[in-house]
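Welcome, and please open your viewer. Let us walk through this model together, one selection at a time.

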Amino acid sequence: MHRRQYLAAATGVAAGLAGCTGDGTDDGTGDATTAPPDGGDATTTQASTASATQSNDRPDAVGLDALADGLDTPVDAAFASEGDVQYVAEQRGVVRVLADGDLRSTPLLDVRDGVVTGYEMGLLGLALHPDFAENRRLFVRYSAPSRRGTPDEYSHTFVLAEFRVGDDGLTADPDSERTVLTIPQPQSNHNAGSLVFGPEGSLYVGVGDGGAANDQGRGHVDDWYDAVDGGNGQDVIGNLLGSVLRIDVGDERGGDRYTVPNDNPLVGSEGLDEHYAWGFRNPWRLAFDGADLYAGDVGQNRYEEVNVVRAGGNYGWNVREGTHCFGAEDCPDGTPDDVRGGEPLRDPVVEYPHEDAAVSGVSVITGNVYRGSAVPGLRGAFVFGDLRANGRLFVAEPRDSGEWPTSVLPVADEDAGRLSQAFSFQRHDGELYVLGSGDAGGGLYRLRSA
């Protein structure tokens, strides 16, 4: 199926992740998939530089054990440390509860009245506080109607909010909402949405570049790079877009909504202190493996990429898409000396094209390193996917330097129909879970040996 046909067939976040408009504009209505394709020709891109080889002991395929079927666009999940309880965020604005293998009819949280949905908007992420068993603090990221401070011509407001979950773990008080952070969103797409707590207890927040295409148009500031107009990815002064943020939400609800860790890279220098790393287009999902933070940055119309995120790292957008110059025949490997001391543009560890390669797709969905026991042959491998799953995942072999060799990891025939699209991954007790949609609607699935 041609990429534009695929976009027309997709709905909700599925459509938004894979597409953007060709003229760099978006009216904020979520109808951007009706515009022409982007400037790059996805049908003529070269084969991926990622190796198609795999370790001999890697499995030929994996199976999927269903924890829940019949979900409505499940985009994120969180696992409570006590008991057999999982929370699943549906894009429409509902957090569902799985308790002891049972999908409860009563949701944990229903915020549909305050959520804007359509295209890439909606309830996009959730995370449990590291001390959730004691303090019952749940954090969610959603798209809201424009709030104070959002310009009239903008699409909506990014909201990061906190709720309190009851002691039973089955319901949350909607009146307990406390807004932690808001960001004006100029367009309806490139909203990212991932929330993850790091091993040190800080909260990491993925933020897209503001939407439309090319990191240009309404809501996109000027940057240091003159060869291509834009953009928020290379700017750390004008707004918080196009970045991974790092904040502290504290141990109690009183006082400041959040504070900034003193060791954030821009503290004491020019730039907004919340920035942790920048140069991103649409870092849809984030994941930690120990101290390593992974971000999958959804490409425009040629390449997808996975990055290992370091403090102060610049990941290139919109100077580059992956390792390739964007919008110009030649491009620099770093910023000028007068821009944050001439920082390098960091290469991804995984890159693959949209077409014409064994490993290809339209929107990368970040996974994680497999540390479980259900699929022994995957131990130590980085497992991830693409929105256009079509019954397959990918596996990459981590390396100390350079690009990671990457290959296809098929889903066993009896389970392949469950995963037409992949939306998100989660890891719990070393095992990997994938959220996606297929023959049984939306579902939460655990990887197992085929």
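Show the whole chain: of the contacts (heavy atoms within 4.5 Å) between residues at least 6 apart in sequence, 62% link residues at least 24 apart. You are looking at a predicted model, where local features need pLDDT of at least 70, side-chain atom pairs count only at pLDDT 80 or more, and totals for chains, interfaces and linings use all residues. Numbering starts from 1 along each chain as its sequence is written, and side-chain values use heavy atoms, with hydrogens and water left out.

Now colour by secondary structure to find four helices and 27 strands; helices (H or I, at least four residues) and strands (E, at least two) are DSSP runs, numbered from the N terminus. Of the 450 residues, 60% are buried, meaning under 20% relative accessible area with a 1.4 Å probe, protein chains only.

Next, select Gly442, in strand β27 (residues 441-449). Which residue lies 373 places from Gly442 in sequence yet 5.9 Å away, C-alpha to C-alpha? That is Asp69. Beyond neighbours within four places in sequence, Gly442 also has contacts including Ala68, Leu71 and Pro74. Gly442 is buried, at 3% relative accessible area.

Move to Arg136, in the loop between α3 (132-135) and β8 (137-144). Arg136 is not a glycine, but has a positive phi of about 55°, and is buried at 7%.

Then visit the loop between β12 and β13, where Asp215 sits. Its phi is near 60°, and Asp215 is buried, with a relative accessible area of 0%. Gly231 is in this loop too, and the peptide bond from Gly230 to Gly231 is cis, with omega near -10°.

Technical notes: Buried means under 20% relative accessible area, exposed over 50%, partly exposed in between (1.4 Å probe, protein chains only).
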